[in-house]
Every structure is written in structure tokens, then in C-alpha cells.
Amino acid sequence: MHNICFGVFVSLFLGLIFAGCGDKNYNYYSSQPTTDPTVEPTTAPTEDPTVEPTTEPTEDPTVEPTSSDPEYEEIELTGLNGPNEFDEDSVLAHLGYIAVYDSVNRMWHLYKNNQKVTDLIIPKTFEKDGTTYKIVGIAAHAFMDCKSLTSVTLPESLTSIGRQAFCGCSSLTSITIPEGVTSIGQSAFSYCDSLASVILPNSVTSIEGSAFWYCSNLSSINFPDNLISIGNGAFWHCKPLTTIVIPNGVTSIGTQVFSNCAITTITWKGIPYSDKTSFNSDISEISGGATVWE
């Protein structure tokens, strides 16, 4: 009996000891993190740190925004500088054209790829030495006396046509002047004997002196609504012209503008004008309310 009681006592004593260790052991581990200590906490960013935040631009910085136009260097088209002279460093030469002067007939011929050029199309842009150039003007004398040209198409980028740019192009029958051109230079198309009609865009505000001087076959010309001035002798000896309409906005008109023309009818609602020498003396009808001369 004594032995049985002693054994029960020992069992109860050991059970209490191990029970205490179990509680202590449980409390210890429950106070520590249960995750792998090498893993970042869930509150830390999970994105790749090399990736830019979504709030930053994602576009390729080398791509121009679609709302912007490409950058160009603006330039005038240069070519012929007068009789017996051709600039080999000109834009015309860079575009692959070669000019040959005919001293007997006193005229230039343009060649490209060993073919004579009669129908000329001028590009909007070209590249040279890694730079892109935009043609915004036709320089003075650029095509002077190119008598073999029959038609010219100008680029949409153009804003001006220089002095005597196409002077003496006697075979030129048509030319397309794009919207954006604001001025027609002095004598720009003088002596273009075969030019029958010209359509000027609304952007033109100035027609300088002698611009269409002696275009002896010019029978039709429109004056755009935005036109402000017409220079001296601009249409002198354009014999087939019989009717003209001068827009309201014209505030300046030179002398002998339509002298030696066959104009019989003028419509002009703009400023009164008293210089008879600007018009042909055979005018029989003036309508629109303007007093052309007293």
C-alpha cells in the first residue's frame, strides 16, 4: 500500500512539471512571427522596384507627342541666280537637278536622272547631312528663264514666292499656288507668255509690282478675299483680261496695274480710287459702288 501511494504521488508530480513546460513552450512560440523571416512583410510593396510607378509617364521619351509637329529647319528653295549662273550648292542641286544654259536661245533647261524636266513637283521637305529642311519659300531668280518648264506644283509648306522666281518661264501653262502663300513677289511670273489662268489662295494678302507683267495670254485671275494690296503694273499687258472683281479688303492699288488690258467690266466694293492710269481707258462698266476715277 505504501508503494502504491508513492507511485501515484510521483506520477502526479511529473505530470505537473511537464504540463508547466508545455504551457511555457506554447507561450514562447505564439509571441514570435510565424512567417519566414526572409520574406518581406505583406505591407511592403510587392512591385518590381525597377518598374516606374503607374503615375509616371510610360511613353517612350524618344517619341514625339502626337500633338506636336516634327521639327524642321525652314529654308528657301534656291536654284538659278540669273543668266549663265547656277549655284551648284543650291537646294535645287541638292534635290538632284542639273541646270544647263542654252546661250543661243538664252534659256535654262532642267535635268534630273538624265531626263529633261518639264513638269516640276517641288517637295515639302528634304534631308541633308542629317537635318530635315522644310521649303517655305521660292528664292529670287530660282527658276528664271527656265523656258522648258510647262507646269509647276508647289509644296503646301510654302509661304512666299520671291522676286523674279519664275520670270521668263514662257512655256509655263499652269501653276498650283497652295494655301499658305501670303505674297507674290515682284515680277515673280512676269513674261510667262503661256500662262492662261491663275488661282490665288485666300492666304494671299499682297501681289507686288509687275508680278504678272506681260503675261500676254492670261485671261483669268481671281483675287482672294484677304487681298490687301496690288503693286504697280502687276497685270500690265495681260491683254485677254476683260473682267475683274476686286475684293472689299483691298486698301492699296498701284499705278498702271491693268494698263494695256482689255478690261471692260470692274466690280469693286472697296476703297474709292481716282487714278485712271491703273485701268484700261476702254472700261465701259464699273459696278459695286466704287468710284474708280472722277
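## A walk through the predicted model

The backbone nitrogen of T255 sits 2.9 Å from a polar atom in the side chain of N232, and that makes a handy place to start our tour of this predicted model. N232 belongs to the loop between β17 and β18. With a relative accessible area of 45%, N232 is partly exposed. Leaving aside residues up to four places away in sequence, N232 touches G209, S210, G254 and T255. Take G209 from that list: 23 residues separate G209 from N232 in sequence, yet their C-alpha atoms are 4.5 Å apart in space.

The largest nonpolar core has 62 residues, and the members touching the most others are F143, I161, F166, I184, F189, F212 and F235. Which elements give two or more residues to this core? They are α2 (91–94), β4 (97–102), β5 (107–112), β9 (131–138), β18 (243–246) and β20 (265–268).

One aromatic cluster is formed by F143, F166, F189, F212, F223, F235 and F258. In the model as a whole, the count of aromatic pairs comes to twelve. One of them joins Y214 and W236 in a tilted arrangement, with 6.0 Å from centre to centre and 40 degrees between the planes. Y214 lies in the loop between β15 (206–207) and β16 (220–221), while W236 lies in the loop between β17 (229–230) and β18, so this pair ties together parts that are 22 residues apart in sequence. Y214 counts as partly exposed, at 28% relative accessibility.

How are the rings of F223 and F235 arranged? They form an edge-to-face pair, 5.6 Å centre to centre, with 85 degrees between the planes.

Now turn to the strands. β4, β5 and β6 form an open three-stranded sheet in that order, with antiparallel pairing. The edges are β4 and β6 (115–116), each of which pairs on one side only. Between β5 and β6, which run antiparallel, there are two bridges. If you want to find this spot in the viewer, look for Y111, whose bridge partner in β6 is K116.

Our last stop is the backbone at two loop residues. D145 is not a glycine, but its phi is positive, at about 65 degrees. D145 is placed in the loop between β9 and β10 (151–153), and with a relative accessible area of 17% D145 is buried. S187 also has a positive phi without being a glycine, with a value near 55 degrees. You will find S187 in the loop between β13 (183–184) and β14 (197–198), where S187 counts as buried at 11% relative accessibility.

Key: Residues numbered from 1 in each chain as written. Predicted model: local features only at pLDDT ≥ 70, side-chain atom pairs only at ≥ 80, totals over all residues. Heavy atoms only, no water. Core = buried A, V, L, I, M, F, W, Y, C linked by side-chain atoms within 4.5 Å. Buried < 20%, exposed > 50% of the residue type's maximum accessible area, 1.4 Å probe, protein only. Helix = DSSP H or I, 4+ residues; strand = E, 2+ residues; numbered from the N terminus. Phe/Tyr/Trp six-rings, centres within 6.5 Å; stacked < 30°, edge-to-face > 60°. Contact = heavy atoms within 4.5 Å. Polar contact = N/O pair within 3.5 Å; in protein donor to acceptor, adjacent residues only side chain to side chain. Pairing = 2+ DSSP bridges.
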